[in-house]
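Keep the sequence and the 3D view open side by side. This walk-through moves from one part of the structure to the next.

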Amino acid sequence: MSETLHTEPRIDDPDDFYARLITLHADLSVEQSQTLNSKLVLLMANQIGDRAILDQILDAVRNRG
Amino acid sequence: MRGVRHTYPFTRPAELDTDERTHVPVIIVGAGPIGLAMGLDLDLQGIRNIILDDDNKVSIGSRAICWAKRALEVVDRLGCGERMLEKGVTWNLGKVFFGDEKDPVYGFNMLEEEDQQFPGFINLQQYYAEEYLIDEVDKRELTGIRWENEVTTVDQSADGATVSVSTPEGDYKIDCDYVVAADGAHSPLRKMLGQDFGGETFQDHFLIADIKMKAEFPAERWFWFDPPFNRGQSALLHKQPDDVWRLDFQLGWDIDREEERKAENVSRRIRAMLGEDFEFDFEWVSIYTFQCRRMDRFVHDRIIFTGDAAHLVSPFGARGANSGLQDVDNLGWKLALILKGKAPASLLESYNDERVTAAKENILNSTRATDFITPKSEASRIFRDATLELADEHEFARRFVNSGRLSVPTILDDSSLNTADSDSFDSKLVPGSPATDAPVKISGQDSWFLKSVGTDFTGVYFAKEGASAPAGADELEQDDIPVKTLVVSDMDVAGNGLLLDYKGLLRQRLDGQPGTYYLFRPDQHVVARWREFDLQSVRDAVARATMQTG
């Protein structure tokens, strides 16, 4: 039995996390930003590991377009 | 456009007709909301002061409109809170819209706890706030305003300062112990001292239009990202008293300011936003850029900087006037103790430390909001829009949406004036927190907790048996720096200074088990708390809070 997808807030100090995330992209070209985001996705996906959860996330983002 | 409101008469200062030099403990420069509040607070503290202003009228246009709960609590202690509350438009709810969607992405409530005298926010034009503060100043003995008295130089000496003043009928000099600079964002005093005002200007323009119209929108803060009527930009709608509405349009960096300011172009924007059916009149229109700046230090020997003169934030978050009033709250009692010889001048360092900390927090919050509203890079904009799309469905993403983190008071938990907890409490009122409010009854009359706290050090004791103060508490009232003790009980018994906690909310919010004693500073901040009253511990905490000890 797999966990369900968390969509409730779980990150401490979300403003600080968001600011760090955006700062990562400072001075990058759009293509470099895309590369960075892709690496982020793959690292986070591997951290999650659970295929059922990953599939739910993939569905969630695609549904919203 | 509306003209100016009242003008206030110039009165020939006595100094022009005598060679004798006047001495006053404190000269306040600037009769804006911060300078006026400073005059009132020092009057309450028994310190004579004069407020000098180079003009003869209150602010033109609405300017600051959002007064936060904490700022209202401060002005209530100064005598103007209820008048502002009565005239102002109360609001607690904010809504965020995105793109073409008619329904909000999400909403938020600024008032986390009900049963407090003041709401999360009221909206009130700055000129009303100033008029009410001026009326209050006029009632007081120890403060007064000199209109059309412009400060031209300030000379500091080891034990005071001499202020040179220019008036329509001549110039004079006046001596004082301290100068409080409340002369605004362009502070002439800051420039006289040659002090830096470091920070950043954001590359964006915003158009503010305050308009008068009959409309049925609710009293809520509505914020749009990328709406159809202002593509690629943001917009804000806010209600003020007298059927005045604040509209705020983001314009972008590369614009023709003169062109955008023209009435027909502003009208076109307003009609695109509200529809063709609305009749409206302009009250005030202005185009501005945002800046976040602060002085390195707020205390420069005998000159102390407050409000926008000391720190400037972008308006999203309403952290300008609201933080300036907290500067006043913080400074008044400290300056009074120093001038009465009861505390060392170094106590001013704690004003510097505590309010620089607060300014950093306000600038951080307002910079982040501005970065979210005006993304600095394409990647940042894409993240912003993705966040807004997710926020429609997923609660976690709403926490990332930032249309302004609205003003809340700074918790001074790092302050050296605090006495650290030695007991455990299940209450967020850690030492350094501003007090929270609660309804109480005093001698059968409805009142609010905060009305009884402050201006002096205040002890709050949760009664054990009956409703008597702890043994020794009355001795504290005779100390050099007195502490008045309030007794809180949930039993309806008569007693001197007794607060009847009839809803049990004070006990709940302060975790006030029987025997608990909280010590509040004169600015209503918790400075120490214990599970049992101990006379010496309270005296030690007062000494620490006033820098009598190392």
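This is a predicted model: local features need pLDDT of at least 70, side-chain atom pairs count only at pLDDT 80 or more; totals for chains, interfaces and linings use all residues.

For chain B, the average pLDDT is 94. In that chain, 98% of the residues score at least 70.

Start with the domains of chain B. The assignment gives domain 1 as 14–88 + 123–198 + 293–365. Domain 2 covers 439–545. Taken over C-alpha atoms, the centres of domain 1 and domain 2 of chain B are separated by 31 Å. The two domains do touch: eight residues of domain 1 of chain B and seven residues of domain 2 of chain B make the contact. On the side of domain 1 of chain B that touches domain 2 of chain B, helix 2 and helix 8 of chain B each supply at least two residues. Helix 8 of chain B has the largest share of that side, with four residues. By class, that side of domain 1 of chain B holds three nonpolar, one polar and four charged residues.

Now turn to the strands. Strands of a sheet pair through backbone hydrogen bonds, either parallel or antiparallel. Chain B has an open sheet of three strands in the order 3-7-4, and the pairing is antiparallel. Strand 3 (66–68) and strand 4 (89–91) of chain B are the edge strands, as each pairs on one side only. From one strand to the next, the twist averages 30°. Three bridges link strand 3 of chain B with strand 7 (residues 121–123) of chain B, in the antiparallel sense. C66(B) has N123(B), in strand 7 of chain B, as its bridge partner. Helix 2 (residues 69–77) of chain B packs on this sheet and touches strand 3 and strand 7 of chain B. The direction of helix 2 of chain B makes about 75° with that of strand 3 of chain B.

Strand 9 (residues 150–157) and strand 10 (residues 160–167) of chain B are joined by seven bridges. A hairpin of two residues connects strand 9 of chain B to strand 10 of chain B. Within this pair, D155(B) stands opposite T162(B) of strand 10 of chain B.

Next come two helices. How do helix 8 (residues 321–339) and helix 9 of chain B pack? Their axes lie 9 Å apart, at an angle of about 175°. Angles over 145 degrees count as roughly antiparallel, so helix 8 of chain B is roughly antiparallel to helix 9 of chain B. Helix 8 of chain B contributes residues including S323(B), D327(B), L331(B) and I338(B). Among those from helix 9 of chain B are L347(B), Y351(B), R355(B) and A359(B). This contact has eight nonpolar, five polar and four charged residues.

The contact between the chains takes 17 residues from chain B and 16 residues from chain A. Which elements give two or more residues to the side of chain B that touches chain A? They are helix 9 (347–373), helix 10 (378–391) and helix 11 (395–398) of chain B. Helix 10 of chain B gives the most, with six residues. That side of chain B divides into five nonpolar, four polar and eight charged residues.

Technical notes:
Residues are numbered from 1 along each chain as its sequence is written. Chains are lettered from A and ligands numbered from 1 in the order in which they are written. Ala, Val, Leu, Ile, Met, Phe, Trp, Tyr, Cys and Pro count as nonpolar, Asp, Glu, Lys and Arg as charged, and the others, Gly among them, as polar. Axes are lines fitted to C-alpha atoms, for helices over the stretch in contact, and angles run from 0 to 180 degrees between N-to-C directions. Angles under 35 degrees count as roughly parallel, over 145 as roughly antiparallel, 65 to 115 as roughly perpendicular and the rest as oblique. pLDDT is the predictor's confidence in each residue, from 0 to 100. Two strands pair if DSSP finds at least two bridges between them. Domain bounds come from an automatic or database domain assignment.
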